[in-house]
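Open the model in your viewer and keep the selection tool at hand.

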Amino acid sequence: MISSFTQSAKPIHGSHVVHRRSSPEPIRPFSCPPPLPALKPQGFVLCMKNALHISSVSNFGPLRTRKSDLVTSKAYEADRSHPIESNVELTVAEARTEAAKKVKIGLYFALWWGLNVVFNIYNKKVLNAFPYPWLTSTLSLAVGSLIMLVSWMTRIAEAPTTDFEFWKSLFPVAVAHTIGHVAATVSMSKVAVSFTHIIKSGEPAFSVLVSRFLLGETFPVPVYLSLLPIIGGCALAAVTELNFNMTGFMGAMISNLAFVFRNIFSKKGMKGKAVSGMNYYACLSILSLLILTPFAIAVEGPQMWAAGWKTAVSQNGPNFVWWVAAQSVFYHLYNQVSYMSLDEISPLTFSIGNTMKRISVIVSAIIIFRTPVQPVNALGAAIAVLGTFLYSQAKQ
């Protein structure tokens with residue numbers, strides 16, 4: 001770095017600049033400041049090409065001043081001398097932010113899996129005592145919708161800003177979600193929870209087939225190959241299921257198909273919609289409730305519900321009411337957490353998390369309900385789940 005001082009026609013070079021405390025003109029951030037009053041009448045100009053940091057000033061050239069009148073300042077080029085320590089601080093801050101994000105995602109996953117396991121347990125308890133899956137499905141959506149409406153009214157959660165186009169785009173998603181939800185509940189009312197989730201682990205196969213033959217999408221060969229263990233494992237588990245029921249099996253299959261269309265409609269219709277995952281699922285629940293309620297009344301009806309409720313309460317006491325409330329609340333919470341996690345993770349990570357969730361549900365249900373499982377049935381379940389994991393890796 002070179003600073004040039006020009007006095008008349010004679011250049012002066014130096015690395016220090018003199019400035020008196022009593023000078024009426026403060027140092028200004030100009031490349032060529034006005035003449036300093038302490039100099040002789042001749043023109044005196046300071047010019048510089050590079051940005052400077054002034055940290056000390058001392059005597060320069062012919063100028064003679066008292067030490068008490070001087071402020072010491074050293075000059076160096078900003079782009080070459082002392083390193084900027086803020087970069088280190090930023091790196092540390094970024095590392096802490098990343099660590100906090102990982103903890104947050106881990107918490108989401110733990111809540112997602114835990115809430116899902118609890119929901120499935122209480123849901124099966126309710127269906128064993130009260131075999132009316134249409135009303136059970138309706139209550140799950142009703143409680144979740146009520147929770148979110150109260151949260152918005154009390155400002156615990158910020159209400160979303162929506163318009164007619166938003167609800168229009170959400171409608172096909174809600175239809176598919178309603179069908180998938182009811183079909184899964186019907187399945188669990190007829191067969192073991194573990195069997196329903198083994199069949200539901202075949203959802204990736206439906207996703208690929210629908211995308212290929214209806215939407216014309218193509219996939220890499222490894223994706224198609226990953227479907228073989230999924231289909232084979234589900235088939236093996238179904239054939240060897242001790243308490244096989246066709247209604248339960250078809251309910252799980254229909255649920256798979258419905259949720260595939262839900263995902264497709266969601267991707268197509270929600271592009272550019274600025275709604276958080278939590279509020280998106282809340283709106284989905286409200287619309288699904290409006291769609292499901294008239295069908296539930298038509299299929300089962302208040303008379304059947306009243307008779308079934310009376311029987312369930314007489315056989316199980318107040319515990320039955322607690323089971324109904326718990327399964328409804330936990331259904332909403334686990335779905336809400338899963339949609340919230342989508343704001344933080346990639347679809348691939350979500351898919352892997354969904355696979356691990358099914359494993360936790362299957363194992364927990366077998367242990368809690370003491371479901372009899374043959375070795376070949378367990379093998380089929382393991383193959384299906386492994387195929388789902390391979391599918392998620394192949395789509396990466």
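Contact here means heavy atoms within 4.5 Å. This is a predicted model: local features need pLDDT of at least 70, side-chain atom pairs count only at pLDDT 80 or more, and totals for chains, interfaces and linings use all residues. Residues are numbered from 1 along each chain as its sequence is written, and side-chain values use heavy atoms, with hydrogens and water left out.

**Stop one**

Select R262. Helix α7 (residues 246-269) holds it; helices are DSSP runs of H or I, at least four residues, numbered from the N terminus. Now show what R262 touches: V173, A176, H177 and Y339, leaving out residues up to four places away in sequence. The side chains of R262 and H177 make a polar contact of 3.1 Å (a pair of N or O atoms within 3.5 Å, one able to donate a hydrogen and the other to accept it).

Which side chain of opposite charge is nearest to R262? That is E203, 5.5 Å away.

**Stop two**

Go to V223 in helix α6 (residues 221-239). V223 is buried, at a relative accessible area of 1%. Beyond its neighbours within four places in sequence, V223 contacts V208, Y391, A394 and K395. Pick A394: 171 residues separate it from V223 in sequence, but the C-alpha atoms are 5.2 Å apart.

**Stop three**

Select V117, N120, I121, V193, V361, S364, A365 and F369, which line the second largest cavity (on a 1 Å grid over the protein atoms alone, a set of points where a 1.4 Å probe fits but cannot get out; lining residues have an atom within 4 Å of a point). Helices α1 (86-129) and α11 (347-368) each supply at least two residues of this lining.

Methods. Buried means under 20% relative accessible area, exposed over 50%, partly exposed in between (1.4 Å probe, protein chains only). Lys and Arg count as positive and Asp and Glu as negative; His and the chain ends are not counted. A salt bridge is a side-chain nitrogen of Lys or Arg within 4 Å of a carboxyl oxygen of Asp or Glu. On a 1 Å grid over the protein atoms alone, a cavity is a set of points where a 1.4 Å probe fits but cannot get out, and a pocket is an open set with protein on both sides within 12 Å along at least five of seven lines; lining residues have an atom within 4 Å of a point.
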